[in-house]
Amino acid sequence: MPAAQPAESAAKPKHRRAELTFKHNAAHGRHGWLRLTPAYSVKVVDDILARRDGDLRVLDPFSGTGTTPLCAAMRGHAALAVDLNPFLVWFGNAKVATYDATTLREVEECAREVSRLAGTRSAPRVPEPPLHNIQRWWPPRALDFLCSLMGTIGSRAPTEGAVRDLLLVAFCRTLIRLSNAAFNHQSMSFRDDNKGAQGTLFGPEDATFFRMQFRSDIDFVLCGAGQNPRQRASIVFGDARAVDKHVDGVFDLLITSPPYPNRMSYIRELRPYMYWLGYLHDAREAGELDWKAIGGTWGVATSRVASWSKQAASFLPEYLTTLLDQIRSSDAKSGAVLASYVGKYFEDMWSHLQSVVRLVRTGGELHYVVGNSKFYDIVVPVERVYRDMLLRAGATKVEIEPLRKRNSKKELVEFDVVARV
Ligand SMILES: C[S@@+](CC[C@H](N)C(=O)[O-])C[C@H]1O[C@@H](n2cnc3c(N)ncnc32)[C@H](O)[C@@H]1O
């Protein structure tokens with residue numbers, strides 16, 4: 001049996017509401033540009049920001065789709081965020097940028113030309129991206145159109161800058177709308193009828209339909225781009241395990257949702273965008289990137305996790321070491337790998353927490369939105385480990401607030417772990 005669970009894990013959350021997940025973001029301008037499961041809700045971040053006065057300097061060491069920096073900048077706070085996925089760094093910066101009226105007009109004009117030409121015989125084309133099993137992702141005509149849409153953007157848009165960025169954001173929307181990806185579950189799956197996300201069997205008029213899709217995606221992106229943030233925000237490329245190497249100065253507030261120890265690989269859902277936009281070229285690169293990500297399990301990351309052993313300098317609370325032993329002995333086949341996975345996850349988070357606490361000024365606050373995890377019948381009290389690690393890293397007070405029940409299993413809850421320094 002697992003060690004006695006802390007009182008916090010048993011506390012009942014107030015909500016189980018869609019507005020506390022990424023689904024809520026779709027109707028919120030730039031927040032809805034791309035639907036990515038790892039994103040947390042605008043509402044969670046906004047509620048935290050609404051409780052604070054004055055001009056703040058806000059940090060998010062796990063930027064993802066840039067929810068925190070965008071919320072902060074929209075409310076007039078300066079924000080800085082870090083992520084080690086280069087696609088998300090690009091996308092986050094496109095989301096928080098300021099766009100003037102001239103740029104928006106240029107995007108309009110360029111998009112008009114692109115959508116006139118894409119899908120025609122004379123349109124330039126790019127080769128299909130080297131995404132494994134690509135026919136699972138797109139019906140043939142949709143794939144053909146996307147090659148010509150990308151080729152046309154490449155030939156008509158400036159080689160870099162805001163116009164290109166906004167066209168590419170719209171391209172990302174279109175590629176996922178035309179794909180077989182389905183988002184009915186916590187993570188992504190595939191429709192098996194090869195009809196594309198619209199549920200339509202594409203016919204002879206498909207090029208017209210595809211162009212209309214791109215036009216509507218451009219309109220959606222332009223609508224969000226027209227609402228500029230009130231302050232500057234940016235996302236830098238870096239590793240949160242040594243976040244102090246990537247950012248300067250001190251911060252008033254940290255709001256983040258780090259990866260959870262739940263074996264979810266962000267790379268899985270991000271692959272189509274990353275291959276089309278040239279951030280990934282083969283499966284090995286995808287595995288290498290996920291190996292660098294905390295909690296990653298894609299490709300080579302899984303086999304490397306298996307050989308993890310506890311570092312002398314790490315801090316794992318005693319009850320966690322006991323839980324790891326229980327996970328290890330629960331299943332002869334996969335128990336050892338899972339225990340290594342969880343152990344490595346917390347060791348990485350310990351490096352992160354040590355490097356980040358000193359970046360928050362005295363009197364400042366840190367919010368870690370995290371979920372607990374279950375392996376076999378063993379619940380890992382992730383929120384309690386965060387609390388203990390934050391205290392050990394220098395926080396003076398830590399509280400655990402349950403936010404919502406997660407859908408999949410009834411013991412699984414999302415918490416806001418709030419630390420003061
Ligand atoms: C749960 S997601 C963050 C989602 C974000 N709050 C949002 O709303 O989109 C966690 C992010 O942490 C990033 N990440 C994982 N390991 C990292 C590391 N060592 N350094 C920096 N970022 C990392 C992943 O790439 C992913 O984007």
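**Exercise 1. In what sense do strand 10 and strand 11 pair, and over how many bridges? Then place these strands in their sheet.**

Solution. In this predicted model, strand 10 and strand 11 pair in the antiparallel sense, and eight bridges join them.

**Exercise 2. Which way do strand 1 and strand 6 run, and how many bridges join them?**

Solution. Strand 1 (residues 57-60) and strand 6 (residues 251-256) run parallel, and two bridges join them. In the structure, the pair can be located from Val 58, which stands opposite Leu 253 in strand 6.

**Exercise 3. Check the length of helix 13 against its number of residues, and work out how its buried and exposed residues are arranged.**

Solution. Begin with the length: at 1.5 Å a residue, the 13 residues of helix 13 (residues 318-330) should span 18 Å, and since the end C-alpha atoms are 19 Å apart, the two values agree.

Then sort the residues, counting as buried those with 20 or more other C-beta atoms within 10 Å of their own. Leu 320, Leu 323, Leu 324 and Ile 327 of helix 13 are buried, and because they cover an arc of only 105° around the axis, they lie on the same side of helix 13. An α-helix has 3.6 residues a turn, so residues three or four places apart point the same way. On the other side of helix 13, Glu 318, Thr 322, Asp 325 and Ser 329 are exposed.

Finally, ask what the buried residues of helix 13 pack against: their partners are helix 14 (335-357), strand 8 (373-375), strand 9 (378-380) and helix 15 (382-393).

**Exercise 4. Where does pLDDT stay under 50, and what is the average for the protein?**

Solution. The protein averages a pLDDT of 88, with 87% of the residues scoring at least 70. Over residues 1-11, however, pLDDT stays under 50, and for this stretch the model has 20 contacts beyond four places in sequence.

Technical notes
Residues are numbered from 1 along each chain as its sequence is written. This is a predicted model: local features need pLDDT of at least 70, side-chain atom pairs count only at pLDDT 80 or more; totals for chains, interfaces and linings use all residues. Two strands pair if DSSP finds at least two bridges between them. Helices (H or I, at least four residues) and strands (E, at least two) are DSSP runs, numbered from the N terminus. The expected span of a helix is 1.5 Å times one less than its number of residues. A residue is buried if 20 or more other C-beta atoms lie within 10 Å of its own, exposed if 12 or fewer, and partly exposed in between; C-beta atoms are placed from the backbone. The arc is that of the directions from the helix axis to the C-beta atoms. Two residues are in contact if their C-beta atoms, placed from the backbone, lie within 7 Å. pLDDT is the predictor's confidence in each residue, from 0 to 100.
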